[in-house]
Amino acid sequence: MRIAKITATTVTTAALALGLAACGGAEAPAEPSAAASGPKYSGKELTFWRLGDSNPAAQKYTDELVAAFEQQTGAKVKVEWIPWPQVNDKFTAAAAGGTGPDVTEIGNDQVPLWQSQEALAPITDIVAAGDQAEIPKNLLGLETIDGETYAVPWGGGSRAVLYRADWFKDLKIEIPKTWDELVAAAKKIQEKKGKDVDGFAFNGGSDANHLLGSLAWTGGGEYAVKEGDKWVGKLTDPGFKTGFEQYTALVTDGLSSKSRLSQNTTEIRTRFANNKVGMYLTASWDLPGIDEDSKGKLKGDKLAFFPLPAKDGGEAQSFLGGNDIAVWGTAKEMDAAKDFVKLASGKEWGVKYATDGGLLPVYPEALAKLSEDPAQAPFAAAFAKAKAFPADPNWTEANETKAVLQNAARQVIEGKATVDEALGKANTELENILNQS
Amino acid sequence: MTDTSTLTRGGGNPSPSGRRRPGRPAKASGLPVWSIPYLLLVPGLLVIGALLLYPMVQVAIIAFQKVGLPQIRPVNTKPAEWVGVENFTQIFGNEIFWNALRNTVVFAVLAVSLTLVVGTAVGVLLNKLGKKMSTLVIVGIMFAWAVPPVAQGIIWKWLFDAEAGIINWALNLLPDWLSTLVFGRADWTGEPWLNDAWSIYMVLIITVVWASFPFIAVSVLAGLKGIPAELYEAARVDGASAWLTFRKITFPLLRPVFAVLTVLSIIWDFKVFSQLYVLMGGPSNREAYNLSMYSYAEAFRSPPKMGSGAAIALVLTVILLVVTAVYVRQLVKQEDMS
């Protein structure tokens, strides 16, 4: 026993020394350190949470990534898929029960919340070195809190309008260049395809602010601005109001049915796959799901994207969405988890994650290459000037739990309040939520 | 639920058995006779204490603390911070709370009255029916009672669905003049029943009454079987109407049964959760929250604020206790007078 222990210690020390020597000596640290850590993790198992539906493309990427990690380090990786609408509940349960994963994918706007709940481990050293050092610092805004970074950007997502290209062709509709054209196109679709079809689907669910935000930001509005150490709500500014009116008009003008005021993107996607939606705001990660839900009928040239048009033409502002990868705060295999994140978010697997999953790569050269692709150009263009929600841990409460703006929209749509009343109340509530400690 | 029958029937049981005991000698175990009932109560008290009292005390404590994930996770737990009545001032200052309170109370009043009225009516009907028919109806309505709450929600959610629901389809089948006369409109296509707070609660009342009247009906039937037939014969001889017979004979004699049924219904209907959760698809429309839903949303949706969730639960519990206490007092007074 004793001897075995001593041997083990010696071997480990030697391995560490070798690793250090390699780091100091060579200019390419990724390869040798991965090799050196190889035998260290054999027999260990990591749990990795991936978010969304396990569509074939995402499944294939994950399998390959996991295989590569297993081959390099000998550690097994168990993958679990969590649908987006359940992410916060699942994280809550994991943080409360202490049974979280080792590594998880996470929405970039969720990072401040889960950092504040101490559910994520700081991984500043990962983004400071290697491939990850090339990720532009402006993409780390939501991930960096008090000087520590808690997640690595994995893929960026801006949204555009997904539409039924086959219907547009049948009905001889041109791709809308202004908001009014979009409204006219939606009405024409409803006229020809049935009253129960949403011309342009209203999103009032958990991710409603992706649609409302795009409209409001384009109008020149903001949700809230930090002045000193306090958030000041800006919902009553004329810019925001313009976007908000556009948003509620989707229902009051009848482009989207009043019976689905709380549907989120996932529910809209299902209806889209069942020929009940003409257009909605989303990103290409919805395509595999639509293919599956429609039993292979909706794919290829039957659907396409165009950038959400601004009121007077031009492109609307998009939400700076994106998925990150992070190490769970109570990871059992902390070192292995960090190495996994390092590998997954590195240039090879990071860019592959984005391109395979219909997202935008966070590495500048790969992004530049993507802008040349006509199919991806709308997203790349939108990504360049995308905006984010208030970077505050309490944003999720306003965004999803209290659904402040969804509720304001409901009040207006149901005629219980004027736009000014609803936004005035929402503004106070938003300030209260963001400023609570 | 099964408690009720033992409660109503068990009222007279302890005293006869108690009367027999004092004459007997001490048991072989050597324990004094007086201690045996207490000893037998211990296991039950332990279970209740562990599963009911302890959590209740915890909820009361948490209601005065700030408790989030860092305070409850098993590894590197942080101590909870005492915040006094802050949780309460916060929820009382929030419009959602007052909405939820209104919804809870109005719903409970309507659902309890409807359940009792429909249940009693069906119970009286069952008593009038012949043996075979009555068994058939009992078995039929018991199916509704046996449906689990989530399934109840799903059944009625489908029936009231805006596009594929059978209710809108049936309303559209009505002749236009009739529909316009009764509802003021002829076209029901895509009517979103599960959208506005008032219509969600209408559907919820239907759901809850549908599932809970069978229990009332069967309990009332059991009570009716115990009323001597002579009383009704006498009433018939005197030429009393059916309504008068019910008011003067049936209702007074069944008062204890109604008392228990009312208290139980109040308790059940005040804390309806699963059906509402299914009907509105989770805590989405905050105007349609009831107190349970609001408590759940505060305590378990992110970021979890278990303190304010517990505070709401405490308020709900206090309201329930007060309502039940006042009602039971009222009953006892009436008993004394008569």
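Here are some friendly notes on this two-chain structure, which is a predicted model.

1. Confidence first. Chain A has a mean pLDDT of 84, with 90% of its residues at 70 or more. The stretch to treat with care is residues 1-38 of chain A, where the pLDDT is below 50. This stretch still has 19 contacts in the model beyond near neighbours in sequence.

2. Overall make-up of chain A. The secondary structure comes to 19 helices and 13 strands. Of the 437 residues in chain A, 49% count as buried. Taking contacts in chain A between residues at least 6 apart in sequence, 76% join residues at least 24 apart.

3. A sheet to look at. Four strands of chain A form an open sheet in the order S8-S11-S7-S12, and the pairing is mixed. Strands S8 (198-200) and S12 (303-306) of chain A stand at the edges; each has a single partner strand, so one side of each is left without a neighbour in the sheet. From one strand to the next, the twist averages 30°.

4. Inside that sheet. Strand S7 (residues 160-164) of chain A runs antiparallel to S12(A), and four bridges join the two. Helix H8 (residues 179-193) of chain A lies across S8 and S11 (277-282) of chain A, at about 165° to S8(A).

5. Nonpolar cores. The largest nonpolar core has 121 residues. Those with the most contacts inside this core are A:Val103, A:Leu120, A:Tyr280, A:Val327, A:Val341 and A:Leu430. What does A:Tyr280 touch, leaving aside neighbours within four places in sequence? A:Tyr280 is in contact with A:Leu162, A:Phe200, A:Ala201, A:Ile268 and A:Phe272. A second, separate core of 55 residues includes B:Ala63, B:Ile91, B:Tyr201 and B:Leu264. As background, nonpolar side chains in soluble globular proteins tend to be buried together.

6. Where the chains meet. The contact takes 25 residues from chain A and 23 residues from chain B. On the side of chain A that touches chain B, the elements giving two or more residues are helices H4 (87-97), H17 (395-401) and H18 (404-413) of chain A. H4(A) provides the largest share of that side, five residues. By type, the residues on this side of chain A divide into eight nonpolar, 11 polar and six charged.

Technical notes. Residues numbered from 1 in each chain as written. Chains lettered and ligands numbered in written order. Predicted model: local features only at pLDDT ≥ 70, side-chain atom pairs only at ≥ 80, totals over all residues. Contact = placed C-beta atoms within 7 Å. Nonpolar A, V, L, I, M, F, W, Y, C, P; charged D, E, K, R; others polar. Core = buried A, V, L, I, M, F, W, Y, C linked by C-beta atoms within 7 Å. Buried ≥ 20, exposed ≤ 12 C-beta atoms within 10 Å, placed from the backbone. pLDDT = per-residue confidence, 0-100. Pairing = 2+ DSSP bridges. Axes fitted to C-alpha atoms, helices over the stretch in contact; angles between N-to-C directions.
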